[in-house]
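The text goes through some of its features one at a time.

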Amino acid sequence: MAVAEAWLEKRAPVIWILGMAVALLPAFLGPYPARLGINVLKFIVLAISFDILARAGQMSVGHAAFYGIGAYAIAMLSVHKGVPVELGPLVGGLSAAAVAVGLGFLTLRIKGAYFSIGTLAFAEALKVIFLYARKYTFGAQGIGIEPLFGGNVLLSYACILGLVVASAAVVRLLEVTGVNYALAAIREDEDAAAMLGIDTTKYKVLAFAISASLAGAAGGFDAGYTTYVYPYEVFSVAISVAAMIMPIFGGLYTLSGPIMGAVSVYLAEEILRKWIPQGYTIVYGLVLMVSILYLPRGLRGLLLERVAPALRGREGAS
Amino acid sequence: MNVDLLVQAVANGVLLAGFYALVTLGLNLLFGVLEITNFAHGDLIMMGAYATLWLNRLAGVDPIASIPMVFLILFGVGLAVYLLFFKPILKAPAHNQIALTFGLSVFLQSLALIAWGSDLRTLDIPYVSKTVSIGPVTLGYGRLIAFSIAAAFTLGFFAFLKWSKLGYAVRAVSQDPEAASLLGVNVNRIYALVSGLAAALGGVAGVLVAINLYIHPYVGVELTLKAFSVVILGGMGSYVGMLVASLVLGISESLVGALFPQGSGLAPGVAFAIIVLVLALKPEGLFRR
């Protein structure tokens, strides 16, 4: 694995440029590929967002909460105050981060399963609150807003691709500045990390805020892109599940893992949705269980550990 | 505030509390012995509700008479879940266990959606809608039946745990698996039994869901969250805490439903409020194990 990783590390710039080119391609292939591309990119942001929180050892089972806060923030500001929907990712990201910082200090003492239960309850509670605060949210009716960039697909595509690049940059920044190591230490053993002098409070709240802001930005983008925000959709279990499965299947605590997971799971879902329109989410459950039981380092780990050495073996023989 | 209305709401709340205790029992048992937090527990209850529906529609079995069958079916499901999923992750980090049981939950929900669709289903049993009046209080047969069955199974389980030889072994394993193993207890077999029992008790709760509530693929998610609110308030693994917390949840839901306009829509929020408040203020719950 180490050899394959070193090989990839050396060629990182080339891979990134190639990756960007591939990511941009669907925008020019027509409306359906463009829509597919935008959705995949949106889920990449969500997957990276989940992964950053997981790095601190916190498993969010209700990540839709922050996605929904982002979506509702821009939808309500747009309808009631006339804020342009193009500010969606910014407004969504900031409001979700603000909520996360407040919540972060409350949830600090909570670990493991308790944290996960808390996130699940938080997402469900928000759904009830947004359904009942009809004066501002119009309840179950939802909020319709202006289309992002007047419905220009290319600009929307560029916007979400920009968000993906920003998310990737944030992850690189965490790795370069060493925050990553502090998070890993907290994940492995929080008490030991505190004894080593790591300010666990600071790093946990930081990871929570960054993670929430990315999910909120994705929600803020989606509100304008779909022109419609609806409590059963933005706070749905389906979004929380997707945000969780994609990075776990791709490979946690890496940058390429969540990206690979988002692309493969979303495409699988898109195909399956045609076969079984109801219950296509069964693939989510299966993928999640199989990943935990048989793919401890995800798809990325499988490729690096098994496939890459096999390919090199063949090269060597020829 | 009308006193009669208050008494009525509290009486309904107590009946509801009995149901919630049985909903939580399996989750609490599994956590107490295997130390796995099962996010799919409510979905096992949902399976029990559909099993009751099927037995009724296909073979005309009365829901109360179907309890032994549903118990056995879900015991089998629980055993299978143990062998396939729980056994390999017994020693895994908590976040892996959470992700796995969450995956199981999504899997079971999707399976129900494929098999039965998203329609709300009910059993039409004539005796459920009858009522009985005691002084100012009027109680529905459906809720009385649910309370009695839940109480019988909860107390029966406590008796099993306290007085039977197998119950002794379960308690020994929950306290110290290694010491129990040295004393000749087959820990693996106890884990399998507990997983089966946890699911079977969930199945009986499912029968009660079929008697009183709408059956749909997502009914389990609501019940999982309610069970979580009970164990979080009562303290994970504590049975006394579970009973007290069930009363708190049942009575407060009932009061919210009676006191506020549109209260029945707000009642589900009580469980979330309990979870958020307890986690923020007293994460270890009221009773420590």
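In this predicted model, β1(B) and β2(B) form a hairpin, and two residues lie between the strands. In the turn, B:G135 has a positive phi of about 60°. Strand β1 of chain B covers residues 131–134 and strand β2 of chain B covers residues 137–140. The two run antiparallel and are joined by four bridges. Within this pairing, B:V132 stands opposite B:L139 in β2(B), and B:S133 stands opposite B:T138 in β2(B).

**A pair of helices in chain B**

Two packed helices are described by the angle between their axes and the distance between the axes. For helix α5 (residues 141–163) of chain B and helix α6 (residues 165–175) of chain B, the axes come within 5 Å and cross at roughly 80°. Angles of 65 to 115 degrees count as roughly perpendicular, and therefore α5(B) is roughly perpendicular to α6(B). On the α5(B) side, the contact is made by B:F160, B:L161, B:K162 and B:W163. On the α6(B) side, B:G167, B:V170 and B:R171 take part. Sorted by class, this contact of α5(B) with α6(B) has four nonpolar residues, one polar residue and two charged residues.

**The nonpolar core**

Which residues touch the most other members of the largest nonpolar core? They are A:I245, B:L22, B:V194 and B:V204, in a core of 201 residues. Helix α8 (residues 187–212) of chain B gives the largest share of this core, 16 residues. When neighbours within four places in sequence are left aside, B:V194 is in contact with B:L29, B:L30, B:V33, B:L34 and B:V170. One of these, B:V170, also belongs to the contact of α5(B) with α6(B).

**Where the two chains meet**

In the contact between the chains, 34 residues of chain B meet 36 residues of chain A. On the chain B side, the elements that give two or more residues are α4 (94–116), α9 (219–234) and α12 (268–281). Of these, α4(B) provides the largest share, 15 residues. By class, the side of chain B that touches chain A has 26 nonpolar residues, eight polar residues and no charged residues.

A residue is buried if 20 or more other C-beta atoms lie within 10 Å of its own. A:S116, in helix α6 (residues 112–132) of chain A, counts as buried because it has 27 C-beta neighbours inside 10 Å. Not counting residues up to four places away in sequence, A:S116 touches A:M59, A:V61 and B:I98.

A:T137 is placed in helix α7 (residues 134–137) of chain A. With 21 other C-beta atoms within 10 Å, A:T137 is buried. Apart from neighbours within four places in sequence, A:T137 is in contact with A:Y72, A:M76, A:F130 and A:I143.

A:L77 belongs to helix α4 (residues 64–81) of chain A. A:L77 has 20 C-beta neighbours inside 10 Å, so it counts as buried. Its contacts, with neighbours within four places in sequence left aside, are A:V83 and A:V91.

The table gives a C-alpha separation for each of these positions.

| Residue pair | Distance along the chain | C-alpha separation |
|---|---|---|
| A:S116 and A:I52 | 64 residues | 15 Å |
| A:T137 and A:F249 | 112 residues | 35 Å |
| A:L77 and A:Y228 | 151 residues | 13 Å |

Most residues other than glycine have a negative phi. A:F149 has a positive phi, near 50°. Where is A:F149 found? A:F149 lies in the loop between β1 (143–144) and α8 (153–176) of chain A. A:F149 counts as partly exposed because it has 18 C-beta neighbours inside 10 Å.

A:Y253 also has a positive phi, near 60°. The loop that holds A:Y253 runs between α13 (237–250) and α14 (256–275) of chain A. Is A:Y253 buried or partly exposed? With 18 C-beta neighbours inside 10 Å, A:Y253 counts as partly exposed.

Definitions and conventions: Residues numbered from 1 in each chain as written. Chains lettered and ligands numbered in written order. Predicted model: local features only at pLDDT ≥ 70, side-chain atom pairs only at ≥ 80, totals over all residues. Contact = placed C-beta atoms within 7 Å. Nonpolar A, V, L, I, M, F, W, Y, C, P; charged D, E, K, R; others polar. Pairing = 2+ DSSP bridges. Core = buried A, V, L, I, M, F, W, Y, C linked by C-beta atoms within 7 Å. Buried ≥ 20, exposed ≤ 12 C-beta atoms within 10 Å, placed from the backbone. Axes fitted to C-alpha atoms, helices over the stretch in contact; angles between N-to-C directions. Parallel < 35°, antiparallel > 145°, perpendicular 65-115°, else oblique.
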